[in-house]
Structures are given as structure tokens and as C-alpha cells.
Amino acid sequence: MLAVYAKGPEFADPLSALMIGERPEPVVPDGWVRVRISAASLNRHDLWTLRGVGVHPLKFPTILGCDGAGVLDDGSEIVLYPVITSTNWCSDETLDPGYSVFSEIHQGTLADYVVAPRRNVLPRPESLSPVSAAALGTAWLTAYRMLFSKSGLQPGMTMLIQGASGGVATALIQLGRAAGMEVWVTGRTDKKRAAAEQLGAHRTFAPGEALPNRGDAVFESVGEATWAHSLESVRRGGTIVVVGMTSGNNPPANILRIFVEQIAIVGSAMGTLQDMRNLIQFVVTSGIVPKIGLTLPLREATEGFRAMWEDRTSGKVVFTR
Ligand SMILES: NC(=O)c1ccc[n+]([C@@H]2O[C@H](COP(=O)([O-])OP(=O)(O)OC[C@H]3O[C@@H](n4cnc5c(N)ncnc54)[C@H](OP(=O)(O)O)[C@@H]3O)[C@@H](O)[C@H]2O)c1
């Protein structure tokens, strides 16, 4: 079958590890189902995998892709929940020390077929196209949990999102706006800031720019480049929800500010199966159409990866059959 895969870790030049070609069709374990992928989306996670971050070297070659929508052998249209737990784990999926997402332990979704535990396939609502549904995994699920479970925000409160154009950032803009938040966004170019405003941001700022007043919560996926600004931009007693470190992992923590201002630093990872169900329901009932900047045939996936590596994306990148 056709697949997009990583041949091995290439930290400095991840695109040189990217392969598009034939891979064996997956065998279906007991209790799992086979999904014929209709659409699958790209995440920064796929670049981390190509760079060898979070993947054991013995796992290569590995088919990339955490998210997707497709069709089961019985014809049912489904969307994938990306978090695969250990056998018999029956609590919050994200707290399972053995959890993984597609492409880590099990083969990923950027292929003609993927196999998934039966509990990981959810019905795709008719009003959600396969392309929109494929966007709703990793980035959107993470954004949903950040906003609705971790931030403590109530409608009318102010959220600052670090980054304007990424998958997590655009999901936060659309979800935050639909949930009645005052949505503020930092973006690195005029074009990215204008796109964020079009998507629903009330106000946009250049990275590091002083805000008119401090926000109730800051949404951090950028890391080193924005951390100091995040600490300055949250009000006393506010919350910074952290999910990523795209620009680096080791900013000065500024402990003094954290305790004097009583800032809650809250980590978050992916979301539960119930979060995924709630996300789908929220998107459908609020009429959100997830922002997709680029749709390409799977065979031409390299251009999507290059766009992300060169910071040229605008919302999600989705690959179709
Ligand atoms: N914890 C979890 O479960 C989880 C789940 C999903 C994602 N993540 C992490 O979250 C991060 C974002 O993922 P994604 O899929 O949304 O990636 P993405 O689509 O590539 O988006 C990257 C974002 O980072 C911003 N950015 C990158 N470098 C920057 C810099 N030097 N200064 C300012 N902003 C910068 C970009 O802002 P501009 O718009 O200004 O370019 C853009 O919004 C990644 O680190 C990913 O690993 C974690």
C-alpha cells in the first residue's frame, strides 16, 4: 500500500528522512479494525518523529500520521481517536504511562490503510467532511482539553494564544471564539495576524508585544521563544496551559514571578476519548469548519511537510487519497 514514512531519525534535516512509497499492509490484531483512510492530517508531531524525538531508533521505518478519517471494512464512515492505551487501562487515557499515538508504537495514518483498536473509531457525523474530520485529532483534541478542561476560563474571559497559524493555535482561535472568549493572539507576520483575525481573533499582537492588560489564561505551545512573554502576559492568579516547545525546551523559568503572581502552570497532553466525543459534538453544533490551509494528495505529501518545516502553514495540512 502507499504510505508516507520515516526511514530513520534525521534531527537537523528531517525532510531527508521522509519517504513516500510502498509499505506492507497492516495485519489486524484481535479487537482491532482496519480503516481505509480517506483523509489524514499532518501535525508537528510528524516532524518530531522524522527528527527522532520521542521515537526509539528500532521503530524505524515507521509510517507517519496521528490523525485520520476513513471507512471500515463494513462501510461505516469513521474518525479516529488518536490515543491508544495499554490493554485493560480504564481511566483517563492521557494518564496511562503506556499510551501512544498512531506512528509511535503502532503504524500511522498517512497510508492507504491503518489498523486501530475498535474503541478508537468513532462515527463521523454526516455534516463533517472526511477532510474536516481528519483535522480534528491531535491538534484540535489538545486545544479542546487546554481550553475546556485545563484553563479554568469562563465565557467573556481573555485568552492569549502564542502563535497564530499552527494547528493548535488555529484550533484554539476557533474553539475560543465559539465558546465566547475574548481571543487574543500573537503571530510572527502581518499576514499571519490578519489570518488569525479573519478566523475569529478579537486582537492580535507581534511576538513579545506588551498587551493592553493581562489575560486570564495563556496558551503555550511555542516554548522558549514566547515563555517570558507568557509569564508577563497572564494576570495575577491566572493560568498558563503548556502543551509544546516548538522553539525550545529550556527558557528561564522565572520562579519569582510564578509565586509572587500566583500563576498556575498547567501541563496538558492530547485528550480523553470523552474529550474527543465532546470536541466532535462541539464542532458540529457550533458550525465550526476547521481551518485547513493546504489539501494535497497523499502522494504529494512532501510539499505539506516542507510547508510546516518552513513555517508556511495556515491551519491544518490534510492529505487525501
Ligand atoms: N502535548 C500534546 O499533547 C501536544 C499535542 C499537539 C501538539 N503539541 C505540540 O504543540 C506544538 C504545536 O503543534 P502544531 O501541530 O500546532 O504545530 P504547527 O502547526 O507547526 O504550529 C507551530 C506554531 O508555533 C508557532 N511558532 C513556532 N516557532 C515559533 C517561534 N520561534 N516564535 C513564535 N512562534 C513560533 C507558530 O506561530 P506563527 O503562527 O507565528 O508562525 C505556529 O503557530 C508542537 O510543539 C507540538 O509538538 C503537543
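User: In this predicted model, where does Asp 311 lie?

Analyst: Asp 311 lies in the loop that connects α9 (301-309) with β18 (316-320), and its phi is positive, at about 60 degrees, although the residue is not a glycine.

User: Why is Asp 311 called partly exposed?

Analyst: Its relative accessibility is 32%, and the term covers values between the limit for buried, under 20%, and the limit for exposed, over 50%; Asp 311 therefore counts as partly exposed.

User: What makes Asn 88 count as exposed?

Analyst: Asn 88 has a relative accessibility of 72%, and exposed means over 50%, so Asn 88 counts as exposed. Asn 88 is placed in the loop between β7 (83-84) and β8 (100-101), and, without being a glycine, has a positive phi of about 75 degrees.

User: Which residues does the cis peptide bond join, and what is its omega?

Analyst: The cis bond joins Phe 60 and Pro 61, with omega about -5 degrees; Pro 61 is found in the loop between α1 (44-51) and β4 (62-63).

User: How do you know that strand β9 is mostly covered?

Analyst: Of the 5 residues in β9 (residues 113-117), 5 are buried, a term that means under 20% relative accessible area. Tyr 113, Val 115 and Pro 117 point one way, Val 114 and Ala 116 point the other way, and all are buried.

User: What makes β3 and β9 a pair of strands?

Analyst: Pairing requires at least two bridges, and 5 bridges join β3 (residues 32-41) to β9, the two running antiparallel, so they count as paired. Arg 36 stands opposite Tyr 113 of β9.

Note on methods:
Residues are numbered from 1 along each chain as its sequence is written. This is a predicted model: local features need pLDDT of at least 70, side-chain atom pairs count only at pLDDT 80 or more; totals for chains, interfaces and linings use all residues. Side-chain values use heavy atoms; hydrogens and water are left out. Helices (H or I, at least four residues) and strands (E, at least two) are DSSP runs, numbered from the N terminus. Buried means under 20% relative accessible area, exposed over 50%, partly exposed in between (1.4 Å probe, protein chains only).
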